[in-house]
Amino acid sequence: MFLGLDIGTQSLEAALFDNRFTIAGQGAEPLTYAFAPGGKAQQDPGDWLAALRPAIARALTMADCPAEAVRGIGAGGHLTGSRKMDHALASTTLLYDIEAGAYDPELCAAFGVREDSLPETAGMEEPAGTLNRLGAELTGLPQGIPVAVGTGDDFSNAIGVGLLQPGTLLCQIGTAEVVGALSREPVVDRRALVETHRFLGGKYFVENPGGLCGGALEWAVRLLNLDNVQTLTELAAIAPPGSDGVFFLPALTGSMAPEWITDMRACFSGLSAPHGARHLARAIVEGTAFAMHDVQIRLTELGLELERIVLVGGGAASPLWAQVRADVSGLPVDVSATKDASSIRAAALGAVACRAFDDFSGISPFLGYETRRFEPDPKNAPTYIAAYQAYLSLFSVLRPQHRGDLEDK
C-alpha cells in the first residue's frame, strides 16, 4: 500500500492506494482557518500534525489494512527529520535560479540569507529519508517507511491526473483556484500575472496561484443563507448565461487576475430590482471563470499552446462549473475521474521514493482518466465575449480606488 497525505485548507486527507493506484481506504480530519486583520487567512501548523494520526487511522480501518503494509509515504520530509525541499517549492522562495536549478547566491545575498541555512534541494519523488520516531508517533505507523520529499499541490496535482506534457490548462478548484500549464522552456511574465516554477522532466509549471474560488461560493452560501454549495450551484443553473447583466469581481481576499492587487476587493455590478439570488449565484460562477480566462489568455500570449482544460477539485463535481468554463474559454473541458488527485499524486511520489516504481512512467497508465468532456456551446459565445469585456471594464473602473496600482509605482 502507498499512503498519500493532502493538507488542505479545510481538512487533512489520508488515502491508501494499491499497486494499481486504486483507492483502498481514506480518512480525513477537519481543519479550521481564521481571518486575521487586513483580510488575511491563517492556520496553525500544529493542527496539521495533530490531524495526521486520526486521518491515517480512518484510512487504515477502511482499507482493513495493517500499518505495517504501508510501503511508501508521500508527505513532507519533516516526518523523517531531514531538511529537504523539492525544486518546485524552492523556486517559490525568491532565492532560486529556475534555469540553473539551484539557489542563486546573488539573490541570497540581496535578502541577507545564508545559503547554508536553506534546505537541501532534491526531486519531489526522491526519498527524504525514512519515518523517524517522532514521525511514527505522529502518524501511528512503524518507523523506517520511506517518505518522499514531496511538493506543493500547485505542482503535484498535475501528476495526480497524469498531466506530464504541455498543451493542457489545469484548473484546480478548491478554496482557491490554481490555474497553470506546463512549458518546455522557462517563461518570464513581465506583467507578473503568472509565475514559473521547476517541474519534473526538465519542464516548468507556469501558473497563477489563484484567488478565492470555492471559498467565494462558501461565502455566498453564508450571505444568502443557503444550505450548501450544491444548493447555490443549483440556484445558479436557473439563471441564464451572462446572469442577465449581473457581474461579480472575485477579489474577496485581493485580486489575482487580471492583475495581482492585494488591496483590491470584490463587488457585484449591474444589479436591478428584478435580479435575485440566482443571478448573484451565477455571477459568482461566471466571475471565477473570467479570472481563469485572464490566465488562459496570458499563457497564450506568452507562447504556451493550450488545447484543452482539465478540471480537478471540488468544483469539478459540478457540470455547470465545467460548462461555463468551456463556454468562456472556447476550449473543451475534461473533468478528471480522479477525484482524489491531491492524495494520489502524494502516494505516487511515495511509490517512487520507496522504489516500487523506477519513475512516473510506470505509474502514469493508472492516472489521469477523464469521465466527461464539456464542449463549448457556440450559442453562448457572444454572451460570454460581451460579459468578459464588461468584467474587464469593471476591473478597470475599480482599479484606481485601491492601493497597489502598478502604473503609479
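A residue counts as buried when its relative accessible area is under 20%. Cys354 has 18%, so Cys354 is buried. The model is predicted. This briefing covers its cysteines and its cavities.

**Cysteines**

- The count of disulfides is zero.
- Cys171 takes part in no disulfide. The nearest cysteine sulfur belongs to Cys213 and is 8.9 Å away.
- Cys171 is buried, with a relative accessible area of 0%.
- Cys354 is in no disulfide either. Its nearest cysteine sulfur, in Cys65, lies 13 Å away.

**Largest cavity**

- The model has two cavities of 30 Å³ or more.
- The largest cavity has a volume of about 140 Å³.
- Its lining has 14 residues. Glu177, Gly210, Gly211, Ala291 and Met292 lie nearest the centre.
- Strand 14 (177-183) and helix 8 (277-301) each give two or more residues to this lining. Helix 8 gives the most, with four residues.
- By class, the lining has nine nonpolar, four polar and one charged residues.

**Second largest cavity**

- The second largest cavity holds about 50 Å³ of space.
- Its lining residues include Ala158, Leu163, Gln165 and Phe205.
- Strand 13 (168-173) and strand 14 each supply two or more lining residues. The largest share, three residues, comes from strand 14.
- Six of the lining residues are nonpolar and three are polar.

Conventions:
Residues are numbered from 1 along each chain as its sequence is written. This is a predicted model: local features need pLDDT of at least 70, side-chain atom pairs count only at pLDDT 80 or more; totals for chains, interfaces and linings use all residues. Side-chain values use heavy atoms; hydrogens and water are left out. A disulfide is a pair of cysteine sulfur atoms within 2.5 Å. Buried means under 20% relative accessible area, exposed over 50%, partly exposed in between (1.4 Å probe, protein chains only). On a 1 Å grid over the protein atoms alone, a cavity is a set of points where a 1.4 Å probe fits but cannot get out, and a pocket is an open set with protein on both sides within 12 Å along at least five of seven lines; lining residues have an atom within 4 Å of a point. Grid points are joined across faces, edges and corners, and a volume is the space filled by probe spheres set on the points. Ala, Val, Leu, Ile, Met, Phe, Trp, Tyr, Cys and Pro count as nonpolar, Asp, Glu, Lys and Arg as charged, and the others, Gly among them, as polar.
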